[in-house]
Amino acid sequence: MDHLACFAPEDLTAAQAPDLQGFHWRLLAQGDSWFSTAQAKLSAHANLLQELVLSKPTAAVNCAGQRESLGKLVELAAVPEFVNLLTGPQAPVWDGILLSVGGNDLIQAAQTPSQMNGEEVPLELRLLRRQTEWGPPSAGVGRYFSEPGWATYAAYLKANLQHLLSLRDQGPSFGKPVFIHCYAVPVPRPAGAEDAGHGPWLYPALKAYAIPAADWAAVSRLMLMHLAQFLKQLMADKAAFPGLFVFDSTAVPLAPAAAGASGISGDWHNEIHLNHSGCFKIGRAWSEHIERVLTTGGLVQDNPGGRGRQSRR
C-alpha cells in the first residue's frame, strides 16, 4: 500500500514539477483544517490526507495547501487554484475530487447567539434554542435543537454542493467521483487550539445556551449525525448529485476525549481536531471506500469496514 503523495498547486509550475502521469490515480483535494498543510496546523494536529493509503500509486493536488484553509463551504468555488485546476483551459482530467467541507459551517451555525445587537436571532438562523424555547423533556436532547435552523443550514449545504458538481461538469473531469467525509463526533470540552483565539468551539456555545453539561455530548452527536444523514441522502439522489460519494466517518470507532479535558485526549488533539491516531483510523477506513469507488466505478460497500453486501450507489 502506498501513502497518498500530496502536492500543492504551485508545485505543478515549479522547476522540478512532479510527473502526475507517473501515478495510477490523480486526485484534486480541497478543504478545511482537516486537509490543511499549513505548518501551524500540522504542528498542532494531524492532516487526514496524510493517512490515506491506496494499493496503487496515487497523487493529490491539495488546494487547502500551506495557507489558511477553508472557513466556509461557500468559499470553495472562489479559490482560484481549485477552480482553475478543475475547469481551466489547462485543467487535467482528475480521477476524483477529495473534499473536507461543511464542518466549519456547522460549528458556526451552532455558535450563533440567540441575540445580536439587542435583536433576537430567529430560530431559522441558529441551531440551538434558548432555555425558554426548549421542548418537553420527552423530546430528549432534540428539545435543544432548532429544526428551522437546521433546514437553513441544509439548504445552504445542498446549494453549494450542487454548485461544486456543476463546476466539475464544466471541465474535463465531467462526472468523476467527488469524495466527501462526514467528520467525527467531538466531545464538547475546554480544549482550544494552541494559538490564542481559536477554540474551543462547541463548549462555549452550549454554555451560552445554558444546556446542561450532562447533555453536551449527546447534543454534539445529534448535530454531527444530522450532517452525516443529510449528506448520505444527497448521495442517494443520483439525479441531483451524480458522482457524489459520502463516507460516513461517524461510524469509525474512535476513542472519545474525556469530558472536561483541556488538551490531547483519546483520539482528539483538541475539541474538534483529531490527533494522529484519530486521523489514522478514519484515513485508513476512508481509503478503502475511495479505492472501491475508483476500481469498481461506483460499486461500494455499505459499511466503512469493507464487509457486507455490495450495492450500486
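Which residue in β10 is the bridge partner of F179? I will come back to that after the overview.

This is a predicted model, where local features need pLDDT of at least 70, side-chain atom pairs count only at pLDDT 80 or more, and totals for chains, interfaces and linings use all residues. Residues are numbered from 1 along each chain as its sequence is written, and side-chain values use heavy atoms, with hydrogens and water left out.

The protein has seven helices and twelve strands; these are DSSP runs, H or I of at least four residues for helices and E of at least two for strands, numbered from the N terminus. Of its 313 residues, 52% are buried, meaning under 20% relative accessible area with a 1.4 Å probe, protein chains only. Contacts are heavy atoms within 4.5 Å. Among those between residues at least 6 apart in sequence, 70% join residues at least 24 apart.

Now the sheet. Six strands form an open sheet with parallel pairing, in the order β2-β5-β3-β6-β9-β10. β2 (5-7) and β10 (244-247) are at the edges with a single partner strand each, so one side of each has no neighbour in the sheet. Pairing requires at least two DSSP bridges between two strands. Neighbouring strands are turned by 25 degrees against each other on average, direction ignored.

Back to the opening question: F179 has F245 as its bridge partner in β10. Four bridges join β9 (residues 178-181) to β10, and the two run parallel.

Last, a helix. α4 (residues 147-168) lies across β6 and β9, at about 150 degrees to β9; axes are lines fitted to C-alpha atoms, for helices over the stretch in contact, and angles run from 0 to 180 degrees between N-to-C directions.

Key
Buried means under 20% relative accessible area, exposed over 50%, partly exposed in between (1.4 Å probe, protein chains only).
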